[in-house]
Amino acid sequence: MKKAHILQNRTYLYLTEFFAGMSVMAVELGASRLLAPYFSSSQIVWTIIIGTIMIAMALGNIYGGRSADQNPDPDRLYTRLVVAAVWIAAIPVAGRPVILGISALLIFSVNSGYLIWAAFAACMVIFVFPLFLLGTVTPSLVKYTVDSLEDSGRTVGLLNAFNTIGSIIGTFLPTFVTIPAVGTSATFLIFAGILLLLSVIYFISARKIGAKPVIGMILFVLCCLFGFNNSSAFWETGLLYEGESVYNYLQVKEKEDSVILSTNVLFGVQSILKKDDSLTGMYYDYAMAAPFMAGVYEKETMDVLVLGMGTGTFAVQCRRYFPNMAIEGVEIDEKITGLARKYFDLPADIPVSTYDGRAFLQAADQTYDVIMVDAYQDITIPFQMSSEEFFTMVKNHLADDGVLVVNMNMRGSKEGSITQYLADTIAGVFQTVYTVDVPGSTNRELFASASLEIRDAMYDNMALTSDYGLADLMEQVAEGLVPYQSGGRRMTDDQAPVELLGMRVIDELIGDEVRYYRDIYDRGGIRGLLNEIR
């Protein structure tokens, strides 16, 4: 086989291997960010992404080796890179509509494991083919670089080393540079452009500029024109902010009476600011029972810690009603704190530490009258903040009559739900545990303390408030409080299957929401569903 001029220099082959490895990891990380606003960024979703990509790469390795043996023409490899580049560049254009289409289809046809099936189908449709093509690179390059058996080990070792180094850089570069700086869409376009450039250089060197690279460049330019869009909620208009951080998809939306933050494009309100300074009508209001239980009107000052500060809804609301509070928050996502100061009126004198909640407690030596744990979003429940060891740490940072309040936002009705596991775990640490369901939502508030008197303290302090609206609300909460009886389940640092438990509740909630439309679909199919929607 006569090599094209540029391939006579092995450096270019090593560069091809390097950038192919880099692009695989960049696409993998981009996949997680593309899917997260729709399916969360849980361990389940990551497992699906990694699994499907490994399947694609393995099949690509097999095909690439056979293809190189049958026809070792490098034109075939660099043509595949052109196709992979165009496909990756098209992901910002078509990826999000495809995800929504798959989700809409499966939500009516899958009875259980919706999250798994939807994420798996999205990965298969969007990411498997280009990564299959990138999987053909290594066996093809081995064919072009190994001239004799004498140096085959060294050559293959160098190829693998360049691939690994590229993969390492491709892991850090999107996470810490391109995604936070320019977004997921631009990240796909950047790495697609690198692959396309490699191929174009090869074809120019080989004097084979024909239809393939030219069409590839035209399609890439079109993808750049139509796909340079960071909007995951592309149907929304008038968003105050939409962007990404190292940890989250972030969306700030203004309504007539409020401003809300969401970290999921399809559902969920993580924080809210009421423009008229009224109560939110959400779980934040119920959580305000914790200061009453801790004797807010009987103490000169009350120290409050919020783990999972978000944009400070709970903190701002407490400050409004309880001037004697010293509040501090912990929020792992610094960008959310910035949004809190800009859009949600979080006072400058409420400090927020950019830290993991558990790591903060590990380093802190202060005790608090109230600790709120609000770090749970849909299925994304940090296992390290759901274990017996974590809640023991929380207890050690509470005053003797201090109160823990936990927002559990996936209240399930079936035995063995995630809320039951959490409540049982907490009940194994604290002597007193009460729960109350928040009407009109899937939220359940849990209050725990080492003190047996927190319910009596709540009633005593309710009598001292001069705000009738707040007093009425607290009366409602008090009437709904139920002493929690532990079922003996517990989660530990060694075993906390929060993703699987959460997935069961999501299946249950989705089933309840779409049962009406699923019945129509079962009777009349797509046509019947469309007729109903019209």
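Visitor: What does a side-chain oxygen of D73 reach at the start of α3?

Guide: The backbone nitrogen of D75, to within 3.0 Å. A polar contact is a pair of N or O atoms within 3.5 Å; within protein, one must be able to donate a hydrogen and the other to accept it, and residues adjacent in sequence count only if both atoms are side-chain atoms. This is a predicted model: local features need pLDDT of at least 70, side-chain atom pairs count only at pLDDT 80 or more, and totals for chains, interfaces and linings use all residues. Residues are numbered from 1 along each chain as its sequence is written, and side-chain values use heavy atoms, without hydrogens and water.

Visitor: Why are α5 and α6 called roughly parallel?

Guide: The axes of α5 (residues 128–135) and α6 (residues 137–145) cross at roughly 20 degrees and come within 5 Å. Angles under 35 degrees count as roughly parallel, so α5 and α6 are roughly parallel to each other.

Visitor: Which residues meet between α5 and α6?

Guide: L133, L134 and G135 in α5 meet V137, T138 and P139 in α6; contact means heavy atoms within 4.5 Å. The residues of this contact divide into four nonpolar, two polar and no charged.

Visitor: How do you know that β1 and β2 pair?

Guide: Two strands pair if DSSP finds at least two bridges between them. Five bridges join β1 to β2 (residues 249–254), and the two run antiparallel. Y241 has V252 in β2 as its bridge partner.

Visitor: What makes β1 and β4 edge strands?

Guide: Four strands form an open sheet in the order β1-β2-β3-β4, with antiparallel pairing. β1 (239–244) and β4 (271–274) each pair on one side only.

Visitor: Which strands are at the edges of the eight-stranded sheet?

Guide: That open sheet has the order β7-β6-β5-β8-β9-β11-β10-β12 and mixed pairing. Its edge strands are β7 (352–353) and β12 (482–483).

Notes:
Axes fitted to C-alpha atoms, helices over the stretch in contact; angles between N-to-C directions. Parallel < 35°, antiparallel > 145°, perpendicular 65-115°, else oblique. Nonpolar A, V, L, I, M, F, W, Y, C, P; charged D, E, K, R; others polar.
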